[in-house]
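Dear colleague,

Please read them with the structure open beside you.

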Amino acid sequence: MLGTENSMENKVVSIGDRGERRVGRGEPCFIIGEAGVNHNGSLELARKLVDVAVEAGCDAVKFQTFQAEKVCSPVAAKASYQQQTTGTEESQLDMVRKLELPFTAFRELHQHCIERGILFLSTPFDDESADFLAELSMPAFKIPSGEITNVFFLEHIARKGRPLIVSTGMATLEEVAFAVETIRATGNRQMVLLQCVSNYPAEPRSMNLRAMHTLEKEFGVAAGLSDHSVGTEIAFAAVALGACVIEKHFTLNKDLPGPDHRASLEPHELAHLVKGIRNIEAALGDGIKRPVAEELNTADVARRSLVAARFIPAGAVLTVDMLDVLRPGTGLAPAMRSQLLGRHTQRDIDAGTLLSLDMLV
């Protein structure tokens, strides 16, 4: 059964120890720089990724916390995109082992984020990792697409009472509904759903950005995008459509070895993403149609006024052939012509003069 809780109360969540960052409808887009495993197992590289996210202006930087043996079995195969980027010789487990950071490293990264003034997030992939991240007072939990059908894991994280950002890649609407119901059954109603295509990179024709609106309508939550497409234009389109969260992978260099670098933004591209999103938000405005201060001078120049088409002597009765409609727009509006016709001039009016009511009786 699909969700029907579409009240506005569920469309904003508060993230942070004091709820200082509101995420949802009517709030600035929450931009997550997804460092993921692009540290390649190096704490030093991970710290540099935090710094890149800060300099780009992201709201949060997110990693992935896991214990390889609790995620992959020895027989788990790599995804096609992983085979393309890391080869076929090793197993998924062997690949993931190289990308694992110990809990001590995440303590350091958490502290580094505090010092740099950016929210620290990390996606857990097993119960013990989730418990550890909760001890770090992480302000929200990200549920990866691969875990959306892992009911026991969803319940475990939801019971921690933190806001959840749930990616829906690979999922049917019915599977999303089951995940939402599972989370809400724990009493946790703080949730944002992300449209996602779980391929790296994802093709633009597959992105289905309008699915964000479907998620909002069906489940009464705010929606955003976990974007695995190349470049920034898809994320920009999502923000224009109302995405409240944008999550985007980034790296120091796309040529680094590893499964996700190829579909990630480099530092200058991440900065471009953030700047573009903020510009789009500013451009969306409040929807009230009205002139803005910066175009008033243009209106004076570009609009037209009623002007004497030729010399008009005092006492003349105004007729259509005496009037012209020319720039600038600082005189009587063209629509007032019918109010002037048949009236007498009080004085001589030279050709090209902008007409005014005090010239007439």
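The domain assignment, whose bounds come from an automatic or database source, divides the protein into domain 1 (12–284) and domain 2 (294–359), and the C-alpha centres of these two domains lie 63 Å apart. This is a predicted model, in which local features need pLDDT of at least 70 and side-chain atom pairs count only at pLDDT 80 or more, while totals for chains, interfaces and linings use all residues. Residues are numbered from 1 along each chain as its sequence is written, and side-chain values use heavy atoms, with hydrogens and water left out.

As for overall shape, the C-alpha trace spans about 100 × 45 × 40 Å along its principal axes. The radius of gyration, taken over C-alpha atoms, is 30 Å, whereas a compact globule of 361 residues would have a value near 21 Å by the rule of 2.2 Å times the number of residues to the power 0.38.

The protein contains 12 helices and 12 strands, which are DSSP runs (helices H or I, at least four residues; strands E, at least two) numbered from the N terminus. Of the 361 residues, 48% are buried, meaning under 20% relative accessible area with a 1.4 Å probe and protein chains only.

Just after H9, Gly242 takes a positive phi of about 110 degrees.

How values were computed: Buried < 20%, exposed > 50% of the residue type's maximum accessible area, 1.4 Å probe, protein only.
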